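Q: I've got a fold open in my viewer and I'd like to learn how to read it. Can we go through some features together?

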Amino acid sequence: MNSDGAGEGAEDAPNRVVAVPCEGADVLALFALATGDSLGEVPVGSHPVHATTTADRTFVATMGERSVTAVDPGGEVTRIDTGVLGPSHFASANGELYVACSAGDALAVIDPVELARTDRIGVGAEPHELAVAPNGDRLYSGSRRDGLVDVVDTATHERIGTVNVGPEARVQGVALTPDGHHGYAVDQDGDRIVVFEPASHGDEEPDAPATRVGHVRKAAAVGADPYDLVVTANRVFVPGRADGTVHEFSPDLTLEAVHDGFSRPVDLFKANGHWWVIDAEAARLRSLDGEVVDTNVPGLVAAPVGGGRLVVSHYDDNRISLVDVADGIVWTADTPTYPFGAVVV
């Protein structure tokens, strides 16, 4: 995951809509970003978790289905067959939408304009998070069961290589630096992160040995039960969900700091020049600098909307909130059961 806090401010776009997949209710719930007013619900299939927007539509991954749901601005719903169960995480490359199907050990490739599956790519068991090279030529898919990161050529849809994270590794988060020179994979079972040579990096350094493509350069220990990571041009952050820490590294995995005192940190976002931590067991946002914003109930997922504001999904409490890191809660709204990763359209 890359996060820089960019985005248009809520106050600058009064007609924007928050779309929230509600995993326990099988709907996409809609709210006015400016006010939190409910705008209705759209049925989308079993266990919706993640959503993304492209080609003027919202696409929802429904993990209990063999399909992805596309919702157009007028609310019309189209199911797009994936052929295998468990669509979860999305990535876009070269005008195509990729979705990891964790129960089918495959990536489905979708044309977001024609609303059709154009290909399916076999990858390592239980693919989870996806990352795309800055120029869009390569896609990286983490395998939770095989300890690999698969490398896919987005022009040919071919699996062209793998990064071996370790024989006992469970790969969760996968990300690249904005320049594409460093790739990262989080090993949840090993409580570590690795940095590897991305396949496209060798193209920019023709004298680099071909054997180094996919080569793991370095590994570093992180907090217990790491799940995701945040990568910027000069920093890599990894929350340790089981020990309340956030490890901060430079791009080559030199340890810069270990931030502690959290309960169950799950993600970070940059807003108003500070890094803010989402804590799944604390009713607050806390920055790495020690600032605190109360949220009444804990949050599990957040989406930055610009202007120092985040839409926070309170998964266990069936609510969402718009939170301003300077002024606190702007509004809170009740949702259907288990709201997950919101998008703003």
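Q: Let's start with Val99: which residues is Val99 in contact with, beyond its neighbours within four places in sequence?
A: Contact means heavy atoms within 4.5 Å. By that rule Val99 is in contact with Val68, Thr82, Pro87, Ser88, His89, Phe90, Ala106, Leu107, Ala108, Ile110 and Leu130. Bear in mind that this is a predicted model, where local features need pLDDT of at least 70 and side-chain atom pairs pLDDT 80 or more, while totals for chains, interfaces and linings use all residues. Residues are numbered from 1 along each chain as its sequence is written, and side-chain values use heavy atoms, leaving out hydrogens and water.

Q: Which residues of the largest nonpolar core touch the most other members?
A: A nonpolar core is a set of buried Ala, Val, Leu, Ile, Met, Phe, Trp, Tyr and Cys residues joined through side-chain atoms within 4.5 Å. Buried is under 20% relative accessible area, exposed over 50%, partly exposed in between (1.4 Å probe, protein chains only). Here the largest core has 17 residues, and Phe59, Val68, Ile80, Phe90, Val99 and Ile110 touch the most other members. Strands β5 (57-62), β6 (67-71), β9 (96-101) and β10 (106-111) each supply at least two residues of this core; strands are DSSP runs (E, at least two residues), numbered from the N terminus.

Q: Which residues lie on each side of β6?
A: In a regular strand the side chains alternate between the two faces of the sheet. For β6, Ser67, Thr69 and Val71 sit on one side, Val68 and Ala70 on the other, and all are buried.

Q: And how many bridges join β6 to β7?
A: Two strands pair if DSSP finds at least two bridges between them. β6 and β7 (residues 77-81) run antiparallel with 5 bridges, and Thr69 stands opposite Arg79. Their hairpin has 5 residues between the strands, with Gly75 in the turn at a positive phi of about 95 degrees. On the β5 side, the pairing is antiparallel over 4 bridges, and Val60 has Thr69 as its bridge partner.

Q: What about Arg286: how far away is the nearest side chain of opposite charge?
A: A salt bridge needs a side-chain nitrogen of Lys or Arg within 4 Å of a carboxyl oxygen of Asp or Glu. Arg286, in strand β26 (residues 284-287), is buried but has no salt bridge, with the oppositely charged side chain of Asp260 5.4 Å away. The Arg286 side chain does reach the backbone oxygen of Asp260, at 2.8 Å.

Key:
Lys and Arg count as positive and Asp and Glu as negative; His and the chain ends are not counted. A polar contact is a pair of N or O atoms within 3.5 Å; within protein, one must be able to donate a hydrogen and the other to accept it, and residues adjacent in sequence count only if both atoms are side-chain atoms.
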